[in-house]
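Reader: I'd like to go through the labels on this model and hear what stands behind each one. Can we start with the helices and then move on to the charged pairs?

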Amino acid sequence: MSSLSLNLKPLSIPTFICENPNIKTFIFQRNIPPPCKSHCQTERGHQFDVGDTFFRSESATARDLGVLSAALYRNTTGSLRVLDAMCGCGIRSLRYLAEADADFVVANDANENTREIILGNLSRVASGSGEGKRWEVNHLPATRLLAECYLRKDYFDLIDVDSFGSGSSYLRVALDAVKLGGLLYITSTDGLSSGGHRPQQSLAAYGAYVRPLPYSNEIGLRMLIGGAVREASVLGYHVVPLFSYYSYHGPVFRVLLQVKRGKSLSSRYYSFISYCNRCGNTRAFSWNELGEISCPCSTNVKRSLVVSGPLWTGPLHNAPHLTEMMSLADQWGWFGDGEGKNLEKLLKQMIDESDPKLPVGYLNADEIASRAKLNLPPLSVIMNSLHEGGYAVSRSHIAPNAIKTDCPMVECVKIVKHLQQTAEMSSCH
């Protein structure tokens, strides 16, 4: 029995029109969008309607970071044109207009059914006209819109691509459409690839073969930056990460990059990462060292080492930029409430993570405890001991129970054991 492939189209909805009582006429209207339900939200004092659009209130922090950076850019350059490639209900576009004082914002979402919601939300800011036009709403696939902007030489100061999945397919066209010196705010929600569970997928999307590592969520950020580094290099540019933000819901990986003219003169920060299962040590290897990958603890590299890459192995953040973001957020009064305290804590942690001495990855408290075979003292106590030993150390904004440090795992375990012995001796006395 052969199978039939049916091409079914949406049913037409008949509408009865009675202009003449003696004549009955039916017209057919296809694909009439259903009316959106109203779901009102408030964010940073802005009331808006999310309707039936996909919206995450947990992503407010990522929007805070984007708005702060956009405002700093405008303060420096004197102008700000924003393309919000996947705007959803339009709250990001609204905040770029109202808070970052953007001169012009393109709010784009491929779903035409969101139009009334977006228009209603953006109507809180006067649209203007002619050269004074402040915003417009489009409904094109993001890649098509970005490509058309490039072909028209209509470049933007900030392009925000809040995509779902890997997001790698938007990198090239977004780099084409952003101004040199401008900002590119990119996204990935591909936690399976960053966790090393789909190495062929990460290779296809980002050119990086990623295997399971104990700091997979940091790898997610480095994989995303590495993909942008590769695409920018093809176009003759290089990118500089201003901040990298991980949020557990999703998960969501967001990175703000500044796009600059000229290829990077060095591949120093685009390299490979090794993790030793035997001793817990992490190390970055350059392309020239690929044939020399090893760990001092073992000669059996095949059994002990896990290698991923190429990935971004440089700093995740730019400390001066984050310091300016903190100053502006404080000036705007964002640090007063509970939500503000979380943002202040996040920015401080990111600044600490910007220490150039800190290597790739972090040490998870559970792994330290397992290797030391004891219950750990508070992380603050361990960090103080590491500082006293001359090591660089900070908390990780990615994992609340982890620390970033240039102290090898083996030495960290020794320090923890010494702290335990000291505490036991003190209790005896």
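Author: Let's start with α1 and α2, which cross in a right-handed way. This is a predicted model, so local features need pLDDT of at least 70 and side-chain atom pairs count only at pLDDT 80 or more, while totals for chains, interfaces and linings use all residues. Residues are numbered from 1 along each chain as its sequence is written, and side-chain values use heavy atoms, with hydrogens and water left out.

Reader: Which residues make the contact of α1 and α2?

Author: On the α1 side they are Ala60, Arg63, Asp64, Gly66, Val67 and Ala70, and on the α2 side Ile91, Arg92, Arg95 and Tyr96. Contact here means heavy atoms within 4.5 Å. Sorted by class, that gives five nonpolar, one polar and four charged residues. Nonpolar covers Ala, Val, Leu, Ile, Met, Phe, Trp, Tyr, Cys and Pro, charged covers Asp, Glu, Lys and Arg, and the others, Gly among them, are polar.

Reader: Why is α1 called roughly perpendicular to α10?

Author: The axes of α1 and α10 (residues 319-331) cross at roughly 100°. Roughly perpendicular is 65 to 115 degrees, with under 35 roughly parallel, over 145 roughly antiparallel and the rest oblique, so α1 gets the perpendicular label against α10. Leu65, Leu68, Ser69, Ala71 and Leu72 of α1 meet His321, Glu324, Met325, Leu328 and Ala329 of α10. That contact has seven nonpolar, two polar and one charged residues.

Reader: How do you know that Ser327 is partly exposed?

Author: Ser327, found in helix α10, has 47% relative accessibility. Buried means under 20% relative accessible area, exposed over 50% and partly exposed in between (1.4 Å probe, protein chains only), so Ser327 counts as partly exposed.

Reader: What makes Arg63 and Glu43 a salt bridge?

Author: Their N to O distance is 2.8 Å. The label asks for a side-chain nitrogen of Lys or Arg within 4 Å of a carboxyl oxygen of Asp or Glu, so this pair of side chains qualifies. Arg63 sits in α1 (residues 60-77) and Glu43 in strand β3 (residues 40-43), so the bridge ties together parts 20 residues apart in sequence. Both residues are buried. They also belong to a salt-bridge network with Arg44, Asp64, Arg95 and Glu99. The structure holds 25 salt bridges.

Reader: Where do Glu367 and Arg371 lie, and is each buried or partly exposed?

Author: Both are in helix α12 (residues 365-372), four residues apart, about one turn of the helix. Glu367 has a relative accessible area of 15%, so it is buried. Arg371, at 24%, is partly exposed.

Note on methods:
Helices (H or I, at least four residues) and strands (E, at least two) are DSSP runs, numbered from the N terminus. A crossing is left-handed if the near helix is turned anticlockwise from the far one by less than a right angle, and right-handed if clockwise. Axes are lines fitted to C-alpha atoms, for helices over the stretch in contact, and angles run from 0 to 180 degrees between N-to-C directions.
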